Amino acid sequence: MGEIWQGLVEACKLIARLDPYVLKVTAFTLYVCSIATLAGMVLGIPLGALLALYRFPGRKLLVTLVNAGMGLPPVVVGLFVYLLLNRRGPLGFLGWLYTPRAIILAELVLAFPLVAGITMAALQDVDPRLMLQLRSLGAGRVRAALTLMRERRLSLLAAVIAGFGGVISEVGAAMMVGGNLMLHGQPYTRTLTTALVLEVSRGESVRAIALGMILLGITLLLVWILTMVQQGSLVGRAFRAAFGSPAGGPGREGP
Amino acid sequence: MRTALVAEGLGHSYGGKEVLRVGRLEVREGEVTAIVGPNGAGKSTLLRLMALLEAPGQGEIIFWDGSRLSAMSRRDRRRISRDIAVVFQDPLLLGRTVWKNLEYGLRVRGVPREERAKRVGDMLDRLGLRHLAGRHASTLSGGEAGKVSIGRAMVLDPKLLLLDEPLSNLDLSSRREILRLISEMVRERGITAVYVSHDHHEVLEIADRMAVLLDGELVQEGRPDEVFRHPASERVAAFLGAENLLDGRVTGNTGDGVAVSVGRAEVYAAADFPVGERVKVMVHPEEVVLLPPGEGSGSARNRLVARVADLRELGGVARVRLDCGFPLTAHVTRTSCRELGLRPGATVLAAFKATSVHLMPYSSKKYEEADDGTGWSGALRDGEGR
């Protein structure tokens with residue numbers, strides 16, 4: 001027990017000292033996961049909206065794929081991306097394996113179905129007659145879909161946070177296609193999770209605990225923001241203001 | 001009078017089941033046409049087809065400018081649908097302020113900012129909701145939300161306004177207020193409207209014409225008072241809540257009227273049916289006059305001695321159930337009720353004109369009568385009283 005306590009204290013000191021290695025790994029992780037989540041939004045939100053609001057041939061298959069994608073084991077995704085990107089694979093010519101791009105691609109494959117699936121569920125929840133009402137007020141299909149998304153923006157935010165949370169906490173895919181590499185003494189494809197696994201295997205429990213605390217901190221922060229937004233607290237109101245506020249005085253609305 | 005829309009031979013099915021068959025329906029410009037029918041009769045489907053929100057399985061819709069649904073380019077379609085606004089059963093407001101809800105259709109149409117502000121502002125004043133401009137839609141009462149929903153459609157100055165039971169989820173007082181609002185605004189702005197409803201009171205209040213839809217079929221069309229007075233069939237009469245619907249057989253035809261045996265009595269009707277034919281007989285309860293027994297005067301062709309079976313006061317009117325050889329319901333004022341000393345068991349003279357009796361072809365099927373609260377004769381009286 002004493003050992004764990006000591007480890008915690010040392011880890012806190014490490015973070016407080018702004019240990020450059022820990023900071024760099026953290027920064028790299030945030031960078032990779034943000035880009036993957038962003039790309040996941042760009043692809044996932046329109047797909048989710050399409051699946052929720054329109055009926056077309058092949059829709060059921062796509063819905064099944066998205067739902068299956070939400071539960072994909074990260075290691076399998078890693079393997080799949082590895083097979084695509086290795087030198088003899090179909091995308092081997094890109095030379096992406098063991099680069100940050102490979103990690104981004106793998107994390108994207110993980111985040112995208114999560115975002116698409118939650119977006120779909122959120123928009124399917126909307127009264128179908130609202131779509132009809134918007135169309136009857138003159139909105140085209142795309143405009144009406146955008147309006148509905150705005151109506152459900154909190155759920156869409158949840159979709160994004162779920163996507164981000166999914167990719168920041170996974171280790172298998174990042175390890176397999178990134179390789180947990182350092183280049184010239186800098187983390188090159190080393191994320192918080194892969195670094196943590198390495199430190200544990202080396203017996204460097206202080207660093208491992210520090211990395212773990214940071215990871216936990218980021219996750220808790222995300223959950224906290226989401227809760228606040230959903231429960232409509234002060235922070236939530238600030239967030240909603242940033243995302244387009246439904247509240248507003250007559251002064252702002254009136255001519 | 002010009003027509004705003006003509007539907008011809010419209011048919012529509014869902015999953016192989018036919019839900020709509022409309023021979024011809026004309027919506028005249030500047031008028032309010034009510035489409036009435038029980039739930040599931042296809043009213044809302046018909047409305048969605050007219051709103052271009054759904055394509056009919058078959059048939060044609062011709063719009064005010066002569067453009068036909070069957071031969072409509074995307075551009076025409078867009079142009080036409082921009083002149084149509086729809087109000088649905090629920091307000092279906094967006095999670096924004098009242099102002100932004102009213103503004104939505106104008107924004108989508110690319111109306112410039114200043115004009116939007118003016119039109120929305122005027123609409124708020126017209127609705128009497130200026131003080132709620134900045135309120136979030138989710139905080140509105142049912143009546144307020146209903147008004148915003150109407151305003152959101154009206155602010156577009158549509159050529160054709162389609163209303164799908166806009167009052168059905170409101171309480172009675174908001175219902176009255178919003179019905180008046182719709183009625184006034186439609187006439188102020190010269191909007192052509194189609195009003196779907198299953199409530200006779202609403203129809204009499206607002207409609208210039210009405211069309212009755214039963215089981216997807218358009219069975220009668222005409223002026224509301226005309227339809228209520230002379231339903232085309234027993235089904236229509238039953239749906240409209242007619243109170244005295246009786247079976248009879250024609251026993252004599254004098255050329256200007258017929259004698260019909262009903263129960264143990266005989267009534268005279270200003271109608272023309274061959275002798276021996278079975279008919280449905282309808283007597284308008286508010287046109288039955290009750291007199292003291294033995295009263296000699298009066299011009300009514302039908303004079304029957306009746307026994308009061310039951311008496312109930314409904315607001316200003318009393319509904320008297322009589323037995324005069326057949327069950328007959330009469331609506332009389334409370335005053336005359338008192339003057340005649342009506343009570344169960346009393347004997348009176350029930351008198352009504354031959355023109356108060358409406359005959360319809362007989363059909364063996366049994367139709368459920370509407371419940372008393374929505375009785376159409378009461379509705380007629382309300383309509384006349386206003």
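First, some ground rules. Residues are numbered from 1 along each chain as its sequence is written, and chains are lettered from A, with ligands numbered from 1, in the order in which they are written. Because the model is predicted, local features need pLDDT of at least 70 and side-chain atom pairs count only at pLDDT 80 or more, while totals for chains, interfaces and linings use all residues.

Let's start with chain A. It has 13 helices and two strands. Helices here are DSSP runs of H or I with at least four residues, strands are runs of E with at least two, and both are numbered from the N terminus. The C-alpha trace of chain A spans about 65 × 50 × 35 Å along its principal axes. Of its 255 residues, 36% are buried. Buried means that 20 or more other C-beta atoms lie within 10 Å of the residue's own; exposed means 12 or fewer; partly exposed is in between; and the C-beta atoms are placed from the backbone. Now contacts. Two residues are in contact if their C-beta atoms, placed from the backbone, lie within 7 Å. Take the contacts in chain A between residues at least 6 apart in sequence: 74% of them join residues at least 24 apart.

One residue in chain A deserves a stop. His184(A) is not a glycine, yet it has a positive phi of about 50°. Where is it? His184(A) sits in the loop between β1 (182-183) and β2 (186-187) of chain A. Buried or exposed? His184(A) is exposed, with 5 other C-beta atoms within 10 Å.

On to chain B. Here we have 11 helices and 19 strands. Its C-alpha atoms fill a box of roughly 75 × 45 × 35 Å, taken along the principal axes. Chain B has 386 residues, and 45% of them count as buried. For contacts in chain B between residues at least 6 apart in sequence, 69% join residues at least 24 apart.

Chain B also has a residue with positive phi. Asp157(B), again not a glycine, has a phi of about 45°. Look for Asp157(B) in the loop between α5 and β6 (160-164) of chain B. Asp157(B) counts as partly exposed, with 14 C-beta neighbours inside 10 Å.

Next, a helix pair. Helix α3 (residues 98-108) and helix α5 (residues 142-154) of chain B pack at an angle of about 30°, and their axes are 7 Å apart. That makes α3(B) roughly parallel to α5(B). The axes are lines fitted to C-alpha atoms, for helices over the stretch in contact, and angles run from 0 to 180 degrees between N-to-C directions. Under 35 degrees counts as roughly parallel, over 145 as roughly antiparallel, 65 to 115 as roughly perpendicular, and the rest as oblique. Which residues meet? From α3(B) come Val98(B), Asn101(B), Leu102(B), Tyr104(B) and Gly105(B); from α5(B) come Val148(B), Gly151(B) and Arg152(B). By class, this contact has four nonpolar, three polar and one charged residues. Nonpolar covers Ala, Val, Leu, Ile, Met, Phe, Trp, Tyr, Cys and Pro; charged covers Asp, Glu, Lys and Arg; the others, Gly among them, are polar.

Now the sheet. Five strands of chain B form an open, antiparallel sheet in the order β12-β11-β10-β13-β19. β12 (265-269) and β19 (357-361) of chain B stand at the edges with a single partner strand each, so one side of each is left without a neighbour in the sheet. From one strand to the next, the twist averages 45°. Strands pair if DSSP finds at least two bridges between them.

Walk across it. Strand β11 (residues 258-262) of chain B pairs with β12(B) over five bridges. There, Val262(B) has Ala265(B) in β12(B) as its bridge partner. Strand β10 (residues 244-253) of chain B and β13(B) share six bridges. Arg249(B) is partnered with Arg278(B) in β13(B). Then five bridges join β13(B) to β19(B), where Val279(B) stands opposite Pro361(B). Strand β13 (residues 278-283) of chain B is mostly covered, with five of its six residues buried.

Last, where the chains meet. How many residues are in contact? 23 residues of chain B touch 21 residues of chain A. On chain B's side, β5 (84-87), α3 and α4 (113-127) each supply at least two residues. α3(B) gives the most, with five. By class, that side of chain B has 12 nonpolar, six polar and five charged residues.
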